[in-house]
Amino acid sequence: MPAVLGLNFHHDTSVCLIADGRLYAAEEERWTGIKHNRTARAGLLTPPTHSLAWCLEASGVDIGEITEVWTPAMRPNPSLGSWTGTEREELAGMLPRPLGDRLMLLSHHTAHVLAGYLLSGEEHAAGLVIDAGGSALGSDIALGRERISGYDLRPDRIDRVHQALPTISPGRTRAQRAHPSLGHFYRNLAMRVIPPGDEVEGSMMALAAHGDPARFYGDLRRLLALGDGALVHVTPPWGSYDTATALTAGGLSWTVATASEKPLTQRADLAAAAQLVFSEAVVHVASWLQGITGARSLVFSGGCALNSQLNGVLAGQAGFERTFVAPAPHDAGTAVGAALFAWNYVLKQPRLPVPEDADWGPLPGPVPSSALNGGYVVRNVGDRIVPLVARLLAEHRIVGWVRGGLEFGPRAFGHRSILAHPGESGTRLRLNVLKRRAPFRPFAPAALVEEIPGWFESGGDPFMNRVVTVRADRADRIPAVIHRDGTARLQSVGPRHSGLRSLLEEFHRRSGLPVLLNTSLNLKGTPIVRTADQAVRAAVELSLDALAVDDTLVLAPHAASTLTDSAVGTVR
């Protein structure tokens, strides 16, 4: 039985194990409780102890049976002038001996792009990876890092056809190094728009829909130069991780410290301009990549591929017939890409099926006996759990939904979710208060894939990676999942989706709506819940009306008296 292992030791620490054609994957944050598993340790190197132990236990694979162990490299090594050497030795020392001895390194961006390509079902595809920064490129180019990488991808080879490199720009007092990092560019602007305490990139993307880009577009566009051969030049210091420099735009000074002092309308206008300029730069690179590869399909990955608004623009403007975004395009997904590289390119095993779901993690376990103090617990509901929860949702109750294996990635696809009826705009307002999110942030719809054409202008994405436009004649029926600009980050739910499919079908039958509001079950600043116990505690703190954990229904204390009949009565 062949078995391979992919590991990511940096932030978003993660593990992926493929054994006998089955994929197991988990993120360390789900055990440590530290979002993105960021640590204070130098270099952000952390052993993925818990997620590795789970993958081994769940698969039944002994570490001696794993023949290939791969991880993306990140840290430069000036003394050796390469991106291997001592980094490999340090990482290997964090693993049990048989695994450490077999550890091999590949580039960060290659792991990113393969996490998408090898699950896309495409034979020939262009690959694009854009993030803050990846593997060091070597001393011959002044130890630059991967920032924007383009690939020509085929089943028998991986050709890197584009690599953005640092340049030197004149400065006021001395020459400055210009990093071509669109990831840092977007984050730097976001930190000057979104006050501390929120996910700055996601919040700025949401706020952009409320603004007019024209007000600040000219000032931001001058920070980027786009040229032949997919050239992207970012004016220093905006392509680096800079938190000190003030941005001047519209005659105003924008700093991290004063982000909360600007009126929301001004911040929305700057966010809209930032989103537009950023999208134009990515489309510029992607369009060039289409021309040089001749590929009809684009695979997009890296942290910037989490920008679902951008992904919707790419799908319509970059010249590709199809766009596929990796199920987990952020750094945790590099463990998946590393494992798939070993499985397909090293061991020459057949490609895995194209996934409709990413339930690659642990089961939730049972609801503890002391689940709720004063609440109501109905166990062993069996198949009745779906009509029971569909009935609660049709009655506009907000329900936590925990079912099967934990999702891999930063979004909930219906295994650790909060679900709600999409038909009242007040539901969005209530949920933003419960989750302590900014009131301008939207919630995503999950829809039956075959019903999508009647409700949305274009197809969605199984992994909530693309924003689409809602049909105007249906918008008034699902206001809780429509953003200010008439768009929605649509999750398409296919027939093989084990988390939401049956519930969506039953809700459709009861309500006439093939759409549910779907957001992650977690508390502000914490990862998505892993266990039933964590789910119960989150449901209590969030004041949800009910929680379903596999075939157990938990009614919150504030709702138990009114929902008891719904829970134990005859399901109609």
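The following questions and answers examine selected features of this predicted model.

Q: In what order do the five strands of the open sheet lie?
A: The open sheet is formed by five strands with mixed pairing. Its edge strands, each pairing on one side only, are S3 (22–27) and S5 (103–107). The twist averages 20 degrees from one strand to the next. The order of the strands is S3-S2-S1-S4-S5.

Q: How many bridges join strand S1 to strand S2?
A: Strand S1 covers residues 3–8 and strand S2 covers residues 14–19, and the two run antiparallel. Within this pair, Asn8 stands opposite Ser14 in S2. The number of bridges joining S1 to S2 is six.

Q: What angle does the direction of helix H2 make with that of S3?
A: Helix H2, residues 49–59, packs on the sheet. The strands that H2 touches are S1, S2 and S3. The direction of H2 makes an angle with that of S3 of about 155 degrees.

Q: Which strands does helix H5 touch?
A: Helix H5 consists of residues 108–120 and packs on the sheet. Its direction makes about 85 degrees with that of S5. The strands touched by H5 are S4 (68–73) and S5.

Q: Is Glu146 buried or exposed?
A: Glu146 is placed in the loop between strand S6 (125–130) and strand S7 (148–154). A residue counts as buried under 20% relative accessible area. The relative accessible area of Glu146 is 1%, so this residue is buried.

Q: Which residue's side chain is joined to that of Glu146 by a polar contact of 3.0 Å?
A: The residues that Glu146 touches include Ser107, His109, Asp131 and Arg160. With His109, the side chain of Glu146 reaches the backbone nitrogen at 3.1 Å. The polar contact of 3.0 Å, between side chains, joins Glu146 to Ser107.

Q: Why is helix H11 described as largely enclosed by the rest of the structure?
A: Helix H11 spans residues 333–346 and reaches 19 Å from its first C-alpha to its last, close to the expected 20 Å. H11 is followed by Lys348, whose phi is positive, near 60 degrees. The helix is largely enclosed because, of its 14 residues, the number buried is 13.

Q: How far apart in space are Thr427 and Asp533, C-alpha to C-alpha?
A: Thr427 lies in helix H13, residues 425–434, and counts as buried at 9% relative accessibility. Its contacts beyond four places in sequence include Ile398, Ala480 and Leu517. Thr427 and Asp533 are 106 residues apart in sequence, and their C-alpha separation in space is 26 Å.

Definitions and conventions:
Residues are numbered from 1 along each chain as its sequence is written. This is a predicted model: local features need pLDDT of at least 70, side-chain atom pairs count only at pLDDT 80 or more; totals for chains, interfaces and linings use all residues. Side-chain values use heavy atoms; hydrogens and water are left out. Helices (H or I, at least four residues) and strands (E, at least two) are DSSP runs, numbered from the N terminus. The expected span of a helix is 1.5 Å times one less than its number of residues. Buried means under 20% relative accessible area, exposed over 50%, partly exposed in between (1.4 Å probe, protein chains only). A polar contact is a pair of N or O atoms within 3.5 Å; within protein, one must be able to donate a hydrogen and the other to accept it, and residues adjacent in sequence count only if both atoms are side-chain atoms. Contact means heavy atoms within 4.5 Å. Two strands pair if DSSP finds at least two bridges between them. Axes are lines fitted to C-alpha atoms, for helices over the stretch in contact, and angles run from 0 to 180 degrees between N-to-C directions.
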